[in-house]
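Visitor: I am new to this structure. Could you show me how to read it?

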Amino acid sequence: MPTNRIAVRTLTTVGATAALTISSPGLAGAQAPLPTGPQPLLGAVPHGLTPLPQDSPPASALSAGTVDALVDELREDARRARARREQAGPTRRLRLTEAGRVVVPDGAPRRVRRLLQATNRIAHRPYVWGGGHGSWKASGYDCSGSVGYALHAAGVLDRFVTSGDLASYGKPGRGRWVTIYANAGHTYMVVAGVRFDTTAYKQTGSRWTRDTRDHGGYTVRHPAGL
């Protein structure tokens, strides 16, 4: 018994009419017409059935609540970035100019920037014993008056202090940005590796110096968070 084999020969369409010519032993010349007229789209709902509800189209504008949430998120990201900078500390030493002032780093925390700006204002003020204790503004400052003035400008000190007071100020140990060395007779501080000290003023005319000094006999403290 011969095996029927169907082979597609031609597919022609004219307008909405199409015909398929096939050949096979015993079926030579037979044609099978293709359906004509409008055909249902893929996925169309059959007649008589209820279509499933469609998702709502996306809103053309964000709601006020969504905008507020995004703003809050951006503010929180900025706060965390500032906290990371404070936690990390400086990546390099401060740059000291030939004029005896430091360059305030752009990436420094706000309190550190204020502290450095304050130290630059009084870097060349003369040494005056007791200066900076009765008033934050003075014609000259002693050692604790100088350090206290800078800490007050940074917003981390709200009272006048002596060098002995600074020996118990803040937190123990070195800070990430600011470290204070104090005993009953003298105090100075180091900010990002550069020393701010009235003894330097006697040598160079500025309280800022690149030189280090032995801190034996000093209590080491730092402002909380700095």
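Guide: Gladly, and we can start with a term: contact means heavy atoms within 4.5 Å. Leaving aside neighbours within four places in sequence, Val191 is in contact with Leu94, Leu115, Leu116, Trp177, Val178 and Trp208. This is a predicted model, where local features need pLDDT of at least 70, side-chain atom pairs count only at pLDDT 80 or more, and totals for chains, interfaces and linings use all residues. Residues are numbered from 1 along each chain as its sequence is written, and side-chain values use heavy atoms, with hydrogens and water left out.

Visitor: Which residues have the most contacts inside the largest nonpolar core?

Guide: In soluble globular proteins, nonpolar side chains tend to be buried together. A nonpolar core is a set of buried Ala, Val, Leu, Ile, Met, Phe, Trp, Tyr and Cys residues joined through side-chain atoms within 4.5 Å; buried means under 20% relative accessible area, with a 1.4 Å probe and protein chains only. Here the largest core has 34 residues, and Leu115, Leu151, Met189, Val191 and Trp208 have the most contacts inside it. Among the elements that each supply at least two of its residues are helix H2 (110-122) and strand S8 (187-191). Helices (H or I, at least four residues) and strands (E, at least two) are DSSP runs, numbered from the N terminus.

Visitor: In what order do the 6 strands of the sheet lie?

Guide: Two strands pair if DSSP finds at least two bridges between them. The open sheet runs S6-S11-S7-S8-S9-S10, with antiparallel pairing. Its edge strands, S6 (171-172) and S10, each pair on one side only. H2 packs on this sheet, touching S7, S8, S9 and S10.

Note on methods. Buried means under 20% relative accessible area, exposed over 50%, partly exposed in between (1.4 Å probe, protein chains only). Axes are lines fitted to C-alpha atoms, for helices over the stretch in contact, and angles run from 0 to 180 degrees between N-to-C directions.
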